[in-house]
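User: I would like to go through this model term by term and see what each label rests on. Please set the values against the cut-offs as we go.

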Amino acid sequence: MTKPSGDRAILSKSTFIRGLQCEKSLYLHKNRPFLRDRLSPEQLAKFSRGTDVGVYAWDLFPGGVDASPKTHFQMAASVKKTAAFIEAGEKVIYEAAFEHEGVVVALDILVKEDLGWKAIEVKSSRAISDTYLWDASLQYYVIRGAGLELVDFSIAYIDQAFIKDGPVQPEKLFILENVLPIVLDRQGVVGEKIVRLKEVIPLKNSPKIPIGPQCHDPYPCDFIGHCWKKVPAGSVFELKCLDEEQKFRYFENGIVQAADLPEEELDELSLRQIQSIALGKELADRDKLSDFLGQVKQPVSLFSWLDFKPAIPIFEGTKPYQPIHYSLAWQNPGKGNEETEIYSAPAFPGEETLMRLVDILARTETILVFGVLPDFEVLFQMTKGGTVIQGKFKNLLDKAIDISSPFSDGTIVWPQMVRAFTPEDILQSMGKPVITPAGKIKTRLEAALAIEKLARGNVEEDSETVLRDIEAFHSARLSNLLNLFRILEKLVQ
């Protein structure tokens, strides 16, 4: 191996992939980081999940040494540590770091076998994406350039057919797929791209790259707030029924405002949304909304649930990313008072809780939910609830009506409906009050990962605090569901 230079690297895996997606994004990342959008809690939570899976995969090749740096700012030290481990004859190295031509990479697992060195990159997904292949191609380029010959390069990813039966064995959970032929085929392009991206970074001004599909593909860019700031309100990008390709085609042809689109090229929903943009308010198809609300019989209950989808199964008989329903909540809005009950647990509601739920929901004629009801079969399986309870529970859910339907099927349109997917999104995009959870947990994904850590016994806070924060989130969700229903009632009048 060549001796580590000790110089600060210009590119890394993440910045190389960023530059492939958009050179302007790379430039801003390096030179104007203060323009970056704030990371959402969902994005931060996703990063945590990927790290956990990577460490778990170390058991595919146990007994190795860890070359991880203390922080990502100390990669040069990690490069030196890796070189020292190789020199000392170590056979398995985790987070092995290499530097070549001003590019630094860290590999999840490096293994020395009889035929030579083998590289394994670990992913928490259930398939190999093209981005992962570019990631692997860059790592091979740098590792080879640093002087270490690789005889194989594989990507380890989650086997979606795996079913937990006893302790999870990494060799059964992960699929190791050899991607060396693809990686070798991309080496020339990788070298060219490295040269090009290193030319972009020191430019005096950012590259003149217009907004386009690359702003969201393969990842949402964190400079959208900066690059899209001149896109006016009421633009073609706010129309829900146009796909991204159509929107950018209109935009590139100089049609920016939705109101300027040719009517003959639009469907009824887009025309109605354009009208709502012009009026600055939501519009309802009152006949359809009346028919929808006609299904709602009093008394009404609100029913909500939370689940988590562990990449590494926790409970027997479950698969990777299988939804595990750990929190149930119901609310009976009445005249002058509201009865709310929430049950949260690191595992599953017990038989007594299911009986209580069945009893309360049986008093109502309609159960309002948001989104398609999930399959609760795992819940019954794990709580060992009797078949009688299961039957009653399922029969009650036949009363369920999805109040997200009028907001997604065109019954109601409003100016900023394009990216409103949750109750909170809808309320906020309509300019309505949104109830914010009182605890630390603000999003569904944060709740899911918190309860997953609790179920694994891997939390910094005590379980009561976590469950209290989850219940605060769930309580806010129920209030927001009720507010959505009230909006439907007002719009039909």
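Analyst: Two strands are said to pair if DSSP finds at least two bridges between them, and the strands themselves are DSSP runs (E, at least two residues), just as helices are runs of H or I with at least four residues, both numbered from the N terminus. This is a predicted model, in which local features need pLDDT of at least 70 and side-chain atom pairs count only at pLDDT 80 or more, while totals for chains, interfaces and linings use all residues. Residues are numbered from 1 along each chain as its sequence is written, and side-chain values use heavy atoms, with hydrogens and water left out.

User: What makes strand 2 and strand 3 a pair, and which residue is the bridge partner of D66?

Analyst: Strand 2 (65-66) and strand 3 (residues 92-100) are joined by two bridges and run parallel, and because the definition asks for at least two, they count as paired. The bridge partner of D66 is Y94, in strand 3.

User: What makes the unit of strand 2, helix 4 and strand 3 right-handed?

Analyst: A crossover is called right-handed if, with the strands pointing away from the viewer, the path from the first strand over the helix to the second runs clockwise. Strand 2, helix 4 (residues 75-87) and strand 3 make a β-α-β unit of that hand.

User: How do you know that Y94 is buried, and how many residues of strand 3 are buried?

Analyst: Buried means under 20% relative accessible area, exposed over 50% and partly exposed in between, with a 1.4 Å probe and the protein chains only. Y94 has a relative accessibility of 6%, so Y94 counts as buried. In strand 3 eight of the nine residues are buried, and the strand is mostly covered.

User: Why are W58 and Y94 called a stacked pair?

Analyst: A pair of aromatic rings is described by the distance of the centres and the angle of the planes. Rings of Phe, Tyr and Trp (its six-membered ring) pair if their centres lie within 6.5 Å, and planes under 30 degrees apart count as stacked, over 60 as edge-to-face and the rest as tilted. The ring centres of W58 and Y94 are 4.4 Å apart and their planes lie at 5 degrees, so the pair is stacked. W58 sits in the loop between helix 3 (41-56) and strand 2, and Y94 in strand 3, so the pair ties together parts that are 36 residues apart in sequence. W58 is also buried, at a relative accessible area of 15%. The structure holds eight aromatic pairs, and ring pairs link W228, F237, F248 and F251 into a cluster.

User: What joins strand 3 to strand 4, and what is said of E101 in the turn?

Analyst: Strand 3 and strand 4 (residues 103-113) pair in the antiparallel sense over eight bridges, and F98 has V105 as its bridge partner in strand 4. The two strands form a hairpin with two residues between them, where E101 in the turn has a positive phi of about 55 degrees.

User: Is V104 buried or exposed, and which residues does V104 touch?

Analyst: V104 lies in strand 4, and its relative accessible area is 9%, so V104 is buried. Contact means heavy atoms within 4.5 Å. Not counting residues up to four places away in sequence, V104 touches A9, L11, S12, K13, M75, V79, F98 and E99. V104 and M75 are 29 residues apart in sequence, with their C-alpha atoms 7.6 Å apart in space.

User: Why is strand 6 described as largely enclosed, and which strands does strand 6 pair with?

Analyst: Eight of the nine residues of strand 6 (residues 150-158) are buried, so the rest of the structure largely encloses this strand. Strand 5 (residues 116-122) pairs with strand 6 in the parallel sense over six bridges, and L150 is the bridge partner of W117. The chain passes from strand 5 through helix 5 to strand 6 in a right-handed β-α-β crossover. Strand 7 (residues 174-178) is joined to strand 6 by five bridges and runs antiparallel to strand 6, with Y157 opposite I175.

User: What makes a nonpolar core, and which residues have the most contacts inside the largest one?

Analyst: The term covers a set of buried Ala, Val, Leu, Ile, Met, Phe, Trp, Tyr and Cys residues joined through side-chain atoms within 4.5 Å. The largest core has 39 residues, and those with the most contacts inside it are F98, L110, L150 and F153. Helix 5 (residues 130-145) gives the largest share of this core, nine residues. A second, separate core has 30 residues, including I401, V413, L427 and L478.
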